[in-house]
Amino acid sequence: MSQANEYTPPRVWEPKESGGKFASINRPVAGPTHEKALPVGKHPFQLYSLATPNGVKAGVMFEELLALGHRGAEYDAWLIDIGEGDQFGSGFVEVNPNSKIPALMDHSTDTPTRVFESGSILLYLAEKFGEFLPKEHAARTEALNWLFWQMGSAPFLGGGFGHFYSYAPVKLEYPIDRYAMETKRQLDVLNRHLAENRYLAGDEYSIADIANWAWYGQLVLGRLYDAAEFLQVHEYTHVVRWAEEIDARPAVLRGRMVNRPFGEPEMQLHERHDASDFETNTQDKRES
């Protein structure tokens, strides 16, 4: 397959303006671009995030823990606007040197503990509170298998398919086809597994489900990249069944609201402080 304006890489790559969403903040080096301290609220956990799929994982996990009565999981949620470059502020870089959301500080430890990368945050909280990670060896291992599967696979969905299908300044056939094929293959992996299992680790809802639902569940529910028809997500019936079941959990709805600066105002919540910040009945707020 030939491509118009075929690109021949130079011997040495040099950065240049690429256009597209986030182009103005992309750069080939790490570290802060400006001095900015992070706010600190009154609760043990300080969550610095945005309601992207990776950010949703942390919000859902905290809300699931609070739904079980773990008041030690109370947290303050602070919005990090990645479109404005908040993730490159000096305070955020101290918490996550990779400048990606979500990032977490646990002030309940003798010395405050930083936790970054969404999978690490899920595992940290699961182990700290003894929830959403099976105790039995085989089931625990299976949950971790699927947790790390998501961490390795979702970049092909987000940075691959999502970028070229939705965010790139021009639509290019080759990368869209390449990553659409991989995304559909991944959905088929999940569909085959969920045909024989209620949840990813078996009968028990776990951090593996939280992590994967934030990406693949929301994809088949039509919430990512406006790509449901293009990818024919309805064909993955077992993934859809699993996604809808998790979507019906009140804590999942609440978790999606945390640090969400877009959509209907009633589906947004910033600077969360107490469980009473949410209404008990949130079903009438659920989006289609």
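## A buried aromatic pair

In this predicted model, Phe-132 has a relative accessible area of 9% and is therefore buried. Tyr-205 is likewise buried, at 8% relative accessible area.

The chain holds 14 aromatic pairs. One of them joins Phe-132 to Tyr-205 in an edge-to-face arrangement, with 5.7 Å from centre to centre and 85 degrees between the planes. Because Phe-132 belongs to the loop between helix H3 (118–129) and helix H4 (137–167), and Tyr-205 to the loop between helix H5 (173–194) and H6, the pair ties together parts that are 73 residues apart in sequence. Arg-249 lies over the face of Tyr-205, 3.8 Å from the ring centre.

Phe-161, Tyr-165, Tyr-167, Tyr-225 and Phe-230 are linked by ring pairs into a cluster. Phe-230 is partly exposed, its relative accessible area being 40%.

Elsewhere, the charged end of Arg-27 sits over the ring of Phe-88, at 4.7 Å from its centre.

## Helix H9

Helix H9 (residues 250–257) is largely enclosed by the rest of the structure, because seven of its eight residues are buried. These are Ala-251, Val-252, Leu-253, Arg-254, Gly-255, Arg-256 and Met-257. The buried residues of H9 pack against helices H1 (53–67), H6 (207–220) and H8 (237–247). After H9 comes Asn-259, with a positive phi near 55 degrees.

## The chain as a whole

The chain contains nine helices and four strands, in the order β-α-β-α-β-β-α-α-α-α-α-α-α from the N terminus. Of its 288 residues, 47% count as buried.

Conventions
Residues are numbered from 1 along each chain as its sequence is written. This is a predicted model: local features need pLDDT of at least 70, side-chain atom pairs count only at pLDDT 80 or more; totals for chains, interfaces and linings use all residues. Side-chain values use heavy atoms; hydrogens and water are left out. Buried means under 20% relative accessible area, exposed over 50%, partly exposed in between (1.4 Å probe, protein chains only). Helices (H or I, at least four residues) and strands (E, at least two) are DSSP runs, numbered from the N terminus. Contact means heavy atoms within 4.5 Å. Rings of Phe, Tyr and Trp (its six-membered ring) pair if their centres lie within 6.5 Å; planes under 30 degrees apart count as stacked, over 60 as edge-to-face and the rest as tilted. A charge sits over a ring if NZ of Lys or CZ of Arg is within 6 Å of the ring centre and within 35 degrees of the ring normal.
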